[in-house]
Amino acid sequence: MRPTSKPDISLAQLRYFVTAAEQGGMTWAADELFVAQSAISTSIANLEKALGTQLLIRRRAKGLQLTAQGVELLQRSRGILAAVDDA
């Protein structure tokens, strides 16, 4: 039996994801975090790839919508980031 590998994700990816989800768009998240919009998009795409699931539905005119997995990760990520900030 092969051991299952854990996804390789970073705190920056979680921060970008949480901010994009809360702001409702990649551009607004980029403005909030003072980074390029492409950095947010690439980071979240890599996060989705690492986890093997879609977290956000990107709608050009309407911004971002969380998938069911995105809602769950958002809740967990907020807890993780709060614990890191508290440490």
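Modeller: I count a salt bridge when a side-chain nitrogen of Lys or Arg is within 4 Å of a carboxyl oxygen of Asp or Glu. Keep in mind that this is a predicted model, where local features need pLDDT of at least 70 and side-chain atom pairs count only at pLDDT 80 or more, while totals for chains, interfaces and linings use all residues. Numbering starts from 1 along each chain as its sequence is written, and side-chain values use heavy atoms, with hydrogens and water left out.

Searching the whole structure gives four salt bridges. Among them is Asp85 with Arg15, whose closest N and O atoms are 3.4 Å apart. Asp85 belongs to helix α4 and Arg15 to helix α1, so this bridge ties together parts 70 residues apart in sequence. (Helices, H or I with at least four residues, and strands, E with at least two, are DSSP runs numbered from the N terminus.) Asp85 is exposed, at 55% relative accessible area, whereas Arg15 is partly exposed at 30%. Here buried means under 20% relative accessible area, exposed means over 50%, and partly exposed is in between, with a 1.4 Å probe and protein chains only.

Another of the bridges pairs Glu22 with Arg78, at 3.0 Å from N to O. Again α1 meets α4: Glu22 lies in helix α1 and Arg78 in helix α4, so parts 56 residues apart in sequence are tied together. Both partners count as partly exposed, Glu22 at 48% and Arg78 at 38%.

Then there's Glu48 with Arg58, where the closest N and O atoms are 2.9 Å apart. Glu48 is buried, with a relative accessible area of 10%, while Arg58 is partly exposed at 39%.

Since Glu48 brings us to α3, let's stay on that helix. Residues 37-51 make up its 15 residues, and from first C-alpha to last α3 reaches 21 Å, close to the 21 Å expected (that's 1.5 Å times one less than the number of residues). Ile40, Ser43, Ile44, Leu47 and Glu48 are the buried residues of α3. They sit on the same side of the helix because they cover an arc of only 135 degrees around the axis, taking the directions from the helix axis to the C-beta atoms. As a rule, an α-helix has 3.6 residues a turn, so residues three or four places apart point the same way. The cover over the buried residues of α3 includes α1, α2, β1 and α4, where contact means heavy atoms within 4.5 Å.

The end of the helix deserves a look too. Leu51 lies in α3 and counts as partly exposed, at 31% relative accessibility. Beyond its neighbours within four places in sequence, Leu51 is in contact with Pro7, Ile9 and Leu73. Just after α3, Gly52 takes a positive phi of about 70 degrees.

Last stop: Thr67, in the loop between β2 and α4. Thr67 is buried, with 13% relative accessible area. Not counting residues up to four places away in sequence, Thr67 touches Gln54, Leu55, Leu56 and Ile57.
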